[in-house]
Amino acid sequence: MMENSIAWILLFPLFGAVLSSLLGMANRKVCWPIGVLSALGAFVAGIMTLIRVIDSPDHMVVYLFGGWTLDSFPRGVGIEFRADLLAILITLIVLGVGLCVAIYSKLPVKEETPGKEHFFYPLFLLQITGLAGICLTGDAFNLYVLIEVAALTGYGLIAMGSKRAAAATFNYVILGTIGASLYLLGVGYLYIKTGTLNMVGINEFIGATEGLKESSTMQVAFVLICLGILIKMAFFPLHAWLPNAYCHAPTATSCLLAPLVTKVMIYVMIRMVLTVFGVDFSFESTLWSSVLPWLVVIAIVSAAVMALAQREIKRMLTYLIVAEVGYMVGGVWIYNYYGMVGSIFHIISDACMTLCLFLGAGLILRKCKTTRFDGLRGLFSKMPLTMTGFFVGGFSIIGLPPTCGFFSKWYLITGAMVAECWEYMVALLFSTMVMVVLFFRLIERIHLAVNESGENLGKGHGDLGLTKEQTRFSEGPLTMLVPLLSAAAVVLAIGIYNQEFVNLIEIFLDPFDLPGEPLIK
Amino acid sequence: MKNASLIPVVLVGFLLFYASIDFPEWGDPQSPASTADVSSHFIAKTGVDTEVPNMVTAVLADYRGFDTMLETVVVFIAGMAVLAILRNFSRKKPVKRGHEVSVEPDLIVTNTVRLVVPVIQIFSFYVLAHGHVSPGGGFQGGVLMGASFILIALSWDLERALTRFSINRCMVVAALGILLYAGIGVLSMALGGEFLDYAELEKVLPVSREMARYHAMLGVEIGVGFTVTAIMFALYANLSSRGRLEGGL
Amino acid sequence: MFEDVSIFLNELFLERLNYVIYVVLLLIGLHAMIAKNNFIKKLIGMSIFQTAIILFYVSIGVKEGATIPIYLPEHDPHGEQAYATGGPEALTVEQVTSYANPLPHVLMLTAIVVGVATLGLALALCQKIYQGYGTVEEDELMAKLEKEDASSRKPKTHPAGKSSSKPEVSSRARRSGTNSVGKTTAPQAKKSSGTRKTKAPVKKATRKSDQKKGDSK
């Protein structure tokens with residue numbers, strides 16, 4: 001069992017999906033327990049794999065599907081799954097978020113899409129399978145199939161809501177297909193020049209063959225792959241699909257997709273840059289490392305400004321996702337050790353804090369029937385626990401210690417200073433100011449007696465114009481509250497124990513020579 | 001909008017033409033893709049490893065069997081998603097749109113289809129099973145079988161096809177297909193190999209390691225065929241009737 | 001100078017003609033996906049785009065003078081020669097070059113199936129959009145969505161029971177096809193003026209149905 005733990009990470013949700021679709025046809029109520037149990041099983045398998053990776057000599061676990069082991073068969077004959085430290089950390093985040101949202105989703109699914117649980121939970125579990133597989137795979141074409149698994153389940157999950165969601169999903173389908181097909185085309189160009197699809201095999205071929213790095217085909221392959229991945233991760237200005245799709249999606253769907261999908265795509269970009277193409281090809285043979293930091297600056301500033309213009313919580317959060325994607329892409333492309341550490345740590349922390357925010361927004365929506373700013377008056381007395389969880393996520397996005405957001409921003413700014421990439425640092429600081437304004441304006445709006453159109457509803461001295469009934473303590477249900485509070489606890493825990501994570505990341509980044517590496521480890 | 005969209009198209013076109021300069025010539029037997037270790041292994045050793053004459057089926061179902069399982073899962077997802085989006089459980093009668101007409105099934109068409117559908121279904125079984133030796137396999141056979149049900153739905157009406165193969169049965173068959181595929185993989189894991197290592201099945205089947213791969217490939221293709229058949233028909237039934245499963249094309 | 005140009009054109013068009021064809025198809029598909037107004041035409045463009053990529057991959061696997069990747073009778077693992085030698089044998093390097101590369105074919109089987117799945121899902125979305133909004137043209141849909149968003153953003157007077165800009169009602173009630181309103185004398189098969197559905201009276205969102213009944217195209 002232990003040696004097949006990587007397979008079980010993918011198989012638990014797969015079997016859970018098939019079983020819940022079969023048994024759910026007879027009785028809808030059995031879908032939620034199956035969903036939670038499968039997510040739990042996958043999480044346990046993930047923890048076992050993490051222990052194996054940390055204990056193994058070179059911090060890597062290799063698993064070959066079909067038994068085509070590397071000692072008797074050439075590399076690339078079978079499909080290889082490589083779990084190194086980066087992969088298993090991100091996989092654990094995926095599985096953890098999946099477990100959290102699986103528990104959370106019991107009531108929202110029943111209320112927003114009644115009668116469709118036996119469609120929701122299979123799609124939900126298969127989305128977790130797809131995302132976990134993307135993080136673990138070591139084969140470029142298998143990565144395409146897994147991206148499509150994640151994408152198709154995402155389309156289904158979003159469009160299951162109202163007709164407005166269906167209209168938003170269509171745009172997502174068109175853009176997502178362009179992105180995935182560009183990635184596929186890039187892999188085709190790699191194949192035509194190297195003859196293999198295995199990621200490590202491609203890297204070895206590039207290193208062994210003279211003149212391949214200057215070949216126009218390889219340069220264009222790199223451009224196409226990165227362009228496809230940038231579309232899928234909603235990098236400005238290719239982000240047009242994200243706000244509408246995540247805003248109008250059902251609550252449980254947006255809680256699953258928002259923290260995970262874009263971050264996993266950033267992992268794919270890091271994997272392509274470091275493992276497939278290699279550090280010297282990606283950063284020195286192409287123009288990207290000089291062009292991208294400026295695009296990142298435009299992305300971060302525009303996303304932050306657009307978030308400022310929103311009047312509704314969920315839309316504001318989606319623009320914050322776009323800004324965070326800008327941070328992480330910038331961290332990769334400033335070509336610096338600390339930037340890369342910051343980027344990887346930011347993937348982990350951003351997933352957790354976005355989860356907090358969206359879980360909280362879902363609870364607020366359920367209670368207040370609206371997420372517009374002026375519908376939220378008096379929430380601090382009505383739902384104090386929810387607000388605590390929500391604002392832990394908010395302070396983490398701003399970057400206040402001891403939440404994890406502070407430490408990831410610290411590493412990113414350090415990387416910008418060491419690489420002397422001042423534009424990126426200015427963009428980081430500017431957007432942090434904007435986010436401070438955003439969240440404190442929200443706090444003010446909840447505490448204020450004046451509504452959006454300016455009329456004063458209270459009678460002064462802190463009176464918000466609400467009756468005693470409206471400010472009575474009435475929290476959300478337990479299945480929704482416990483995941484939110486545990487997500488907030490995880491955000492604080494990752495912040496307090498950040499050195500453990502950074503040590504693991506530094507072990508992973510050891511074999512790659514990035515400039516700015518500390519001389520004393 | 002039409003003129004503005006030409007800019008990214010022209011840029012992408014320029015990029016792709018720039019890449020084509022360095023391609024190997026079309027059909028060059030010395031190109032990297034043709035002389036790679038991976039392809040040479042597939043061509044040279046498929047007979048030795050799996051005793052299957054059709055290299056494409058061997059690569060699809062055995063060497064890269066995990067990809068094929070994920071592909072089957074993609075088909076399943078498409079069916080689930082279409083049902084989730086369109087399926088309408090309300091009992092109200094749909095309004096007849098202006099451009100819809102109701103037609104009686106035609107005598108010639110129905111009788112021809114009555115004769116042809118059994119032949120199509122037998123042919124689909126043949127394509128599935130003979131995929132080891134000639135072009136074919138699970139996907140191709142499954143699509144043919146699904147097409148036979150769609151033919152019934154087209155010549156008579158959807159309700160008659162649904163009495164043969166209802167939507168609930170479609171979903172059960174599709175799920176069973178994936179269970180069969182993943183079940184063979186888990187069986188190989190339980191017998192000591194990796195997931196989808198069919199050679200380990202020699203411990204339960206009275207054949208050699210290579211023939212165990214041969215037979216497991218057939219089992220896996222049957223699983224794929226189940227899922228593809230069911231989902232093809234389910235997609236057609238939902239799309240043509242707007243989710244109501246009455247009337248429609 | 002003319003020699004260079006002619007060599008360049010020869011290299012591009014005569015020896016790599018298949019790649020030029022696939023690039024042209026890809027650009028046609030990409031342009032249709034971005035520029036066309038009708039959703040169905042966008043999907044046709046998506047299909048062309050994916051087909052072009054499939055053509056590219058299959059053309060990678062071509063070897064001059066090679067046969068299809070199924071063993072000929074003399075190499076067949078169950079054939080007479082294999083029976084004579086007591087089991088199938090691995091092929092030599094020269095025999096390998098007489099077979100086409102099987103790997104691109106396998107990859108494209110997967111890609112075709114994935115493309116079909118995406119197309120099916122996108123068509124289901126088109127159906128749902130048509131049921132909900134009565135149009136599959138992008139500009140008309142945008143106009144209707146803008147109107148819907150604007151109406152939900154108006155200042156609300158009553159605190160409870162109103163709809164937000166994010167509809168959370170079950171979509172079943174909306175899609176029920178009850179008698180349509182605004183059906184003129186000659187019901188055309190055209191995009192928008194064909195059918196108008198009334199929203200079945202739900203607890204919330206009565207204002208939207210008023211607006212829908214109000215404007216006629």
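Two residues are in contact here if their C-beta atoms, placed from the backbone, lie within 7 Å. With that in hand, take chain B of this predicted model: 68% of its contacts with a separation of 6 or more are between residues 24 or more positions apart. In chain A, the figure for such contacts is 79%.

**Chain A as a whole**
- Chain A has 21 helices and two strands.
- Its radius of gyration is 23 Å, close to the 24 Å that the globule rule gives for 521 residues, so chain A is as compact as a globular protein of that length.
- As for burial, 63% of the 521 residues of chain A count as buried.

**Chain B as a whole**
- Of its 249 residues, 51% count as buried.

**Helices α2 and α3 of chain A**
- Helix α2(A) spans residues 31–55 and helix α3(A) spans residues 85–104; their axes come within 9 Å and cross at roughly 160°.
- Angles over 145 degrees count as roughly antiparallel, and α2(A) and α3(A) are therefore roughly antiparallel to each other.
- The crossing of this pair, α2(A) and α3(A), is left-handed.
- On the α2(A) side, the contact includes G35(A), A39(A), F43(A), G46(A) and L50(A), while α3(A) brings residues including I88(A), L92(A), L95(A), L99(A) and I103(A).
- Sorted by class, the contact of α2(A) with α3(A) has 14 nonpolar residues, six polar and no charged.

**Helices α6 and α11 of chain A**
- Helix α6(A), residues 140–159, and helix α11(A), residues 251–276, have axes that come within 11 Å and cross at roughly 160°.
- That angle makes α6(A) and α11(A) roughly antiparallel to each other, and their crossing is left-handed.
- From α6(A), the residues L143(A), A150(A), G154(A), L157(A) and I158(A) meet T253(A), L257(A), V261(A) and V268(A) of α11(A).
- This contact of α6(A) with α11(A) holds seven nonpolar and two polar residues, with no charged ones.

**Where chain A touches chain B**
- Chain A puts 52 residues into this contact, and chain B puts in 47.
- Elements of chain A giving two or more residues to it include α1 (5–26), β1 (60–65), α5 (117–136) and α7 (163–194).
- The largest share on the chain A side, eleven residues, comes from α6(A).
- That side of chain A has 33 nonpolar, 16 polar and three charged residues.

**Where chain C touches chain B**
- Here 60 residues of chain C are in contact with 59 residues of chain B.
- On the chain C side, α2 (17–35), α3 (39–60), α6 (103–133) and α8 (171–175) are the elements that give two or more residues.
- The largest share of that side, 16 residues, comes from α6(C).
- The chain C side divides into 31 nonpolar, 20 polar and nine charged residues.

Note on methods: Residues are numbered from 1 along each chain as its sequence is written. Chains are lettered from A and ligands numbered from 1 in the order in which they are written. This is a predicted model: local features need pLDDT of at least 70, side-chain atom pairs count only at pLDDT 80 or more; totals for chains, interfaces and linings use all residues. Axes are lines fitted to C-alpha atoms, for helices over the stretch in contact, and angles run from 0 to 180 degrees between N-to-C directions. Helices (H or I, at least four residues) and strands (E, at least two) are DSSP runs, numbered from the N terminus. Angles under 35 degrees count as roughly parallel, over 145 as roughly antiparallel, 65 to 115 as roughly perpendicular and the rest as oblique. A crossing is left-handed if the near helix is turned anticlockwise from the far one by less than a right angle, and right-handed if clockwise. Ala, Val, Leu, Ile, Met, Phe, Trp, Tyr, Cys and Pro count as nonpolar, Asp, Glu, Lys and Arg as charged, and the others, Gly among them, as polar. The radius of gyration is taken over C-alpha atoms; the globule rule is 2.2 Å times the number of residues to the power 0.38. A residue is buried if 20 or more other C-beta atoms lie within 10 Å of its own, exposed if 12 or fewer, and partly exposed in between; C-beta atoms are placed from the backbone.
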